[in-house]
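Student: I'm new to this one. Could you walk me through how to read it?

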Amino acid sequence: MGKKLSGGGLSPTQQAAKFLGVSVLSGAVMAGIALPAVGVFGLAAKGSVEEFDEIPANLAQPPLMQRTTITDAQDNPIATVYDRDRTLVDIKDISPYMQKAIVAIEDSRFYEHGAVDLKGILRAVNENARSGGVSQGASTLTQQYVKNVFVEEAMDNAAKFREATQQTLGRKIRELKFAIQVEEKLGKKKILENYLNITFFGQQAYGVEAASQRYFSKPAKDLNLEEAAMLAGIVQSPSRYDPVNDEQEAKKRRNVVLQRMVATDDISQQEADKAKATDIKLKVSKPKNGCITATNGAGFFCDYVKQAFLDSPTFGDTREERAEVWKRGGLRIKTTLDPQAQESVQASLKDHIYQTDKMASAATIVEPGSGKILAMGQSRPYGGDAKKNETTINYAVDHRMNGSNYGFPTGSTFKPFVAAAAIEQGTPLNKTYPAPYEMPYPSPITGCDTTYKNVANDKVENENESEVGPYGLKEAMEKSVNTYFVQMISDIGMCPVVEMTKKLHIVQGDGKAIPEQPSPLTLGSNGLSPLTMANAYATFANRGTYCSPVAIEAITDPNGKAMEVPKSTCEQAMSVKTADSINSLLSGVVDSGTGKRAGLSGRDNAGKTGTTDERKNAWFVGYTPNMSGAVWVGSPSQTVEGTNQTIGGVFHPLVFGGDVPGPIWRDAMTGALAGKEAPQFNRVHIPDVRDKEKDDEDEDDGKPGRPGGGHNGGGDGDEDPFPEITIPPGVIGGNDGGNGNGGGNGGWPEPR
């Protein structure tokens, strides 16, 4: 006795026998269904049997491509990304009208036959013979589902797609074998659910839930009769029956579905006539796909999350494997993004620098002690329209994470790393150097693997001619005295600084180590990313413990199961005493030094300014015990000089670290920290070795920086050349001012 299947039908053996019997008796039967002539089968009846037997026994049902949702730390959606917009739903969450409509129009005998409908085959053969063409098919809904699975599995593989769609007897037999297995294992109810979840409904909508949201902005469970009939009608030809582009054609097709539902006793003729009399009423929701649709300016952070996923071996052994997991989608990715911090960063950038300005800005905030990236934003929006100053290049990160080619020269924001290396080597906090206004680079300076020799007699100078030592470390840091730190690295050698950068995981934007030369290792003449700088300074805030940056907090897979995610790794990069000393030094920078415009009120904070050659880059990197942030302002292409620039509607004769990026940092951090605790630094007393008389003399003799550029690093450019003076837009025609301290990287090619 043959085994009966769920939902009716014959056993697999009986169905196969019937199918093969029909095929053997007349190759024209199958030919009439899908092919113009028997000869193109390429298989005789005997070959068909062998092919049938060779097909694998188990049908591989790959997880369907779905949309992935990326959320912030509070689980608020940031963006959805997908290759196919699909949301899987249970059959109970699909309108009964929809279930009946799709069966009526696609396979009205669905509940009466098994995997193959022999009556349907004969009917199709007869109709096709009568019409002289292929006017009617005979694939059951189950067979259509199996074919869709193969198409889905092919993804972007052209060869697999051709194999899944080719009109051959071999494919038909293969589909039939799998259809029989599906009928036996899943049953009618589950097959219908799977079919409605996999089918394409046009307008980038895969599956009935996405289609319902796209056309009617409602869940599939709420579809009424007219709406369900319209969606069911689309399946046969999504482009022809697209209601967005051809409402009349879609209406005609909808009415055909309604009449079929009458024929299958799903609705009455009266119900059908009433529904036919209504116009199609769409409420279209435009597709929202990708980081370009991210909320709160988080497009660049969204892109970073994707890059972090693709970069992490946690999600697959190879990048190709990880890319396939990402493409399959169906993930819910909870990130570290703090919505309050992100909103504050974007608001500050918008207030201080315009999208249309010649110079751009990028800012990022991380959490000391956890490595969590709390905010990431840019003045130029995420997008591909260069005419609107949009970009998809993330200026805040390294090139391998879709950042600029090289990063951006950091200027004097690099000096704290030199100081930390020196203190670790035992340099006293009251260390004094002559620090003249101008001097040749010391020679030789020993390094880890090389020795620097100043063969060209390159020189370094301070921002102002009044900046003449001797200086102690405290004042030198506050005033950002270039010659002091060049003498310091000459004293301790380059190797301790190189080792410090390794412990802080500081690399150039292109991923390479910083060259062993005094200019990049003292005055920041080589390119780094804002994220690298913010995270390195977070080590100071965390009292010497470095934690790697992370953007992903948790992920659930398409089945709702938690996936393993990469964790931040923390390690001691310097002693607690060294970190506390740097915190005390940099607190002075925002209290009374070059960063005083950036200082926060009501909480401990510290930071450092930086400006590079020709003022193409200006920085402020600062932190509190619970947040660390970096702001870069500059020329993405390194072709625009920061002189006589209007930024955010304000004219700036000279752009420097404390002038533009400092206030951006201040406002961004103020909003990000609002309502949060205000812990204090563990301060270390650092004596000021210069007597008051000398300080007063310096204040009286202060002069603007000299015109022109420096040599291999030049002056710092951080000190305000016009203290206590507000310059209205357009009053001054220009002032070359002091030179910056970058050097060697001007005129870089366009990033990426």
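**Strands and salt bridges**

Tutor: Strand 1 (residues 68-71) and strand 2 run antiparallel, joined by four bridges. Strands here are DSSP runs of E with at least two residues, helices are runs of H or I with at least four, and both are numbered from the N terminus. This is a predicted model, where local features need pLDDT of at least 70 and side-chain atom pairs count only at pLDDT 80 or more, while totals for chains, interfaces and linings use all residues. Residues are numbered from 1 along each chain as its sequence is written, and side-chain values use heavy atoms, leaving out hydrogens and water.

Student: Which residue stands opposite Thr69 in strand 2?

Tutor: In general, strands of a sheet pair through backbone hydrogen bonds, either parallel or antiparallel. Here, Thr69 faces Thr80. Two strands pair if DSSP finds at least two bridges between them. The open sheet has five strands in the order 2-1-3-15-16, with mixed pairing. Its edges are strand 2 (77-81) and strand 16 (562-563), each pairing on one side only.

Student: How many salt bridges does the structure hold?

Tutor: Side chains of opposite charge can pair when their charged atoms come close. There are 26 salt bridges, each a side-chain nitrogen of Lys or Arg within 4 Å of a carboxyl oxygen of Asp or Glu. One of them joins Arg214 and Asp85 (2.6 Å, N to O). Arg214 sits in helix 9 (residues 208-216) and Asp85 in the loop between strand 2 and helix 4 (96-106), 129 residues apart.

Student: Is Arg214 buried or exposed?

Tutor: Buried, at 3% relative accessible area; the cut-offs are under 20% for buried, over 50% for exposed and partly exposed in between (1.4 Å probe, protein chains only). Asp85 is buried too, at 1%.
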